[in-house]
Amino acid sequence: MARPRQTIVSLEDTPYYHCCSRVVRKAFLCGIDNTTGENFEHRREWVDSRILELATIFAIDICAYAVMSNHLHVVLKVDSDKARLWSDKEVLIQWHKGFKGTLLTQKYLKDEDLNQFERQTVDECITEYRKRLIDISWFMRSLSEPIARMANKEDKCTGRFWEGRFKSQALLDEAAVLACMAYVDLNPIRAYVADTPENSDYTSIQRRINSAIKGEQPAELVPFVGHEHLNMPNGLMFSVKDYIELVEDTGRIIREDKHGVISSSSQGILNRINIPAENWLKITTEFGSLFKGAVGALPALTEYCEHLDRKRRQGASNCQRWLCA
């Protein structure tokens, strides 16, 4: 049975979440329909652009994403500190970037006079909007609904475009975050729709590689800070060069038609997160089937379950087997 979203998300334990959403009937509604020959690849551009747009609205950052023919993956980081520090006006400005708000919130932003009752109503809206701007359910809803409307209009039909619920799972430590990011970035490689990460269209790894060529990091994605003294919430504590090389090495190994090995720099990352190379290959190939719930080392998983009043640690055996050396 599907769990209510509030029993899955615990910002006290982690700001990182892996979300996956599929189109209805697992049809190729964003790719090429093999039956009719119709090409819907342009819809993947819609999804790609919308993901990055929402990152400028919500206090939710993008670590990794991949838009496939019939599903999408996204690794999100909820920045609750950012939302808490926003002033009332900043909250409304952010909300109005993607939503109409109300006549009263629009009047407030124009510095028009409001009576006591109207100001109280605006304050209630601000409180609600501040919560929504760190809500992954609102993020995913805001991603899926416009795409569904555009696709249905193009197809001249009505009804569902996406499956009713998206999958989400908490990523409880840096090993889980890095493994999930690599799993997401390697989707096109595993599906044999791309030969290399740099040719993997509509993915975060392609965006990171294109920026790295210029000596930059993409502003749309959570950066790799590469300094261990910085806290993880401020960025990913690895070198972007090392991460790209790790994904490249892993992609070459999991493709049967390519020869590849884990390089010394990639092995250094795996040593740091305490995952043997053989476990890493298993995780980045089968992350979705290995882990059905929260992912992380057993102490972190135990705390997560305690905070959510869960009596059973779902997936504890696989976390212990694959994430612990």
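**Notebook: a helix pair and some cysteines**

I began with two helices, and I noted that α9 and α10 cross in a left-handed way. I am working with a predicted model, so I keep that in mind throughout.

**Entry 1: the helix pair**

I reminded myself that two packed helices are described by the angle between their axes and the distance between the axes. I looked up both for this pair. Helix α9 covers residues 204-213 and helix α10 covers residues 240-254. Their axes come within 11 Å, and the crossing angle is roughly 130°. That angle makes α9 oblique to α10.

Next I asked myself: which residues of α9 meet α10? I found I205, R208, I209 and A212 on the α9 side. Their partners in α10 are Y243, I244 and V247. Sorting the residues of this contact by type, I got six nonpolar, one charged and no polar.

**Entry 2: the cysteines**

How many disulfides does the structure hold? I found zero. For a friendly reminder, a disulfide is a covalent bond between the sulfur atoms of two cysteines. I wanted to see why none turned up, so I checked C180 and C305.

For C180, the closest cysteine sulfur belongs to C63 and lies 9.3 Å away, which is too far for a bond; the cut-off is within 2.5 Å.

Key
Residues numbered from 1 in each chain as written. Predicted model: local features only at pLDDT ≥ 70, side-chain atom pairs only at ≥ 80, totals over all residues. Heavy atoms only, no water. Axes fitted to C-alpha atoms, helices over the stretch in contact; angles between N-to-C directions. Helix = DSSP H or I, 4+ residues; strand = E, 2+ residues; numbered from the N terminus. Parallel < 35°, antiparallel > 145°, perpendicular 65-115°, else oblique. Left-handed = near helix turned anticlockwise from the far one by under 90°. Contact = heavy atoms within 4.5 Å. Nonpolar A, V, L, I, M, F, W, Y, C, P; charged D, E, K, R; others polar.
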